[in-house]
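Let us look at a protein model together, going from the whole chain to single residues. Please keep the sequence and the structure in view as we talk.

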Amino acid sequence: MSGTATEDQQPPETRSLPARPRTPTAGAPARPAPRGAPRSSAPSPLGRFLARAAALTAALTAAGSLLGLVRDQAIAHLFGADGDTDAFLVAWTVPELAATLLIEDAMALVLVPAFSLALSRRTASGRDPAAPDPVRALVTATFPRLFAGLVAVAALLLATAPVLVRALAPGLADPGLAVTCTRLTAVAVVTFGAAGYLSAALRAHDSFAPPAAIYVAYNLGICATMFALHSLLGVRAAAVGVALGGAMMVLVQLPFFLRRLNPRSPDRRRAAAPDAGRAPASDAGPAPDTDVALAPAPAPLPVPSPGPAAARIGLLSLGGIAPVLLFAVARQAQVLVERHFGSSLSAGAISHLNYAQKVAQMPMVLSLMICTVTFPAVARAMADGDADRARRRVERDLALAAVVVLLGAAYVVGYAPQIIELLFQRGEFDASDTAATASVMRVYSLGLLGHSLVGALVRPFFAAARPTWYPAGAMAAGLLLTVAASAAMAPHWGIHGIAAANAAGITTTALLLLRGLGTRVIAIRVRRVAGDLGRLTLPAVAAAGAGWTLAPAISHTALTVAVGALTVPAVFVATAFVVRAPEVPQLTVTLTRKLRHAR
């Protein structure tokens, strides 16, 4: 895994959180230290851990995204952008939907809170060797049923592949090839489901490296299979690679999961130790005047009452899963809409949309790794009834995610032709493919902030004990707008109209979720957050304009892209200081201090 040491390969004092804090009784707030106790000026243990986890997750996420680009480059080089690649991409829709449901959204949103509760109960009962292990009980109750359901779905896909292909892409030139590829990739439903389950469990255990490495393994499997079998199987080799890559996603996590499943593991012994540690003052990195030292919690603490536990475990019932499932399906349905309308356009349209989307969404993926790392902390804060801690964490996550995604969007908009030429223009992928992909990628970038906000905002909704249908409704409203706009614009503006419809629909959903979160779940300051996001768009517009203007000045493609990687951030940061955009000045000062310390 790119030579990066995982948490379990690091010394015990650095590989995870300091011993998990004792779980307070339901609704009991953390007790402040006696009056006059000194305030801590150092970062909280949880803050330091989240920073390390975010850095490691970012490194592995970047490696996975880089290999994803290598995968897409290999597809473009070996197969180009024509009817065959369109057929494969239609078949790939099923694994993409499975990844959204089973890895990125639904599985994590349901299981991370459930495992977090089980871990709290394990900690509270850790001193009793005879007590049943809540984590093992949760796995026993859920995984066999999940696996059986996934096998049934995969078998159904094998049987109904022709009907599915006709529904997804009625205008496809070669539906037979798409049917074959769909059947080859059907097994990915099973492996993706197992991988998503393991990822959620490990993240709840504060183990982020193995889940972050799954796309490294996945893309390596696809690339190796394509290069080995493309001359024999053609584009079908990519479908076989998807199946193999899914199995590798499971294998890369399984040893770490089994280690934490053991209730007598070192993790549980540390959690049950008498010096279980103090609860961190905040996981949101508050200002020094709010970082209050905490007094030691009294011992012993009672096991949490079954009422909140039953409510949270209830998320695993059909009524709890359904809102999460429908939200994830509606979100991924935007891709279905694109491929449905794209199938009626010229050959290669679906491929151009796919290449543009994969590159444009890289900033979104990097921005959401912040929320991936902090989601367990938000879930625990909400489970403890600490609404203020959850609010601070969510507000800061939104600002940090917006900084990352808007900076990346500015770079993509400014240097789109050069980026696509550098990444893809070789072999079967020619200059006309570059021009079409780059132009539609700029349109896609208009919706990147919306995509990132949806991913960040939906997590607190599903961290609550009671399931809520609001995110599914907001996503359905955005999807209806996407369908209507695509139907109206695709006949006139082709792939650009489809991309614009995608941006409009996801932005609408983001606005609805932002408003709903502040009134229904966590009392975030909606107007302040919206104002901060608005100020962050100004540096992005300035940086994108500077890049678009300067990009043609250098003829060498690689040099242009490299110069842009310096120019766009410089303009973004300078403009952010001028308009007093949130987080950017603080991040700049922190980075400067780190660099000085490194010297």
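Predicted model: local features only at pLDDT ≥ 70, side-chain atom pairs only at ≥ 80, totals over all residues.

Tutor: Residues are numbered from 1 along each chain as its sequence is written, and side-chain values use heavy atoms, with hydrogens and water left out.

Student: How many helices and strands does the secondary structure come to?
Tutor: Helices (H or I, at least four residues) and strands (E, at least two) are DSSP runs, numbered from the N terminus. Counted in this way, the protein has 23 helices and zero strands.

Student: In which helix is confidence highest?
Tutor: Confidence is given as pLDDT, the predictor's own value for each residue, from 0 to 100, and its mean over the protein is 77. Helix 12 (residues 306–313) has the lowest confidence, at a mean of 43. At the other end, with a mean of 94, is helix 9 (residues 236–251).

Student: Which residues have the most contacts inside the largest nonpolar core?
Tutor: A nonpolar core is a set of buried Ala, Val, Leu, Ile, Met, Phe, Trp, Tyr and Cys residues joined through side-chain atoms within 4.5 Å; buried means under 20% relative accessible area, exposed over 50%, and partly exposed in between, with a 1.4 Å probe and protein chains only. The largest such core has 150 residues, and those with the most contacts inside it are Phe88, Phe115 and Phe192.

Student: Is alanine 74 buried or exposed?
Tutor: Alanine 74 lies in helix 1 (residues 45–79), and, not counting residues up to four places away in sequence, alanine 74 touches Phe79, Met226 and Phe227 (contact means heavy atoms within 4.5 Å). Because its relative accessible area is 4%, alanine 74 is buried.

Student: How far apart in space are alanine 74 and cysteine 223?
Tutor: In sequence, alanine 74 and cysteine 223 are 149 residues apart. From C-alpha to C-alpha, however, the distance in space between alanine 74 and cysteine 223 is 7.1 Å.

Student: Is valine 329 buried or partly exposed?
Tutor: Valine 329 belongs to helix 13 (residues 318–342). Because its relative accessible area is 34%, valine 329 counts as partly exposed.
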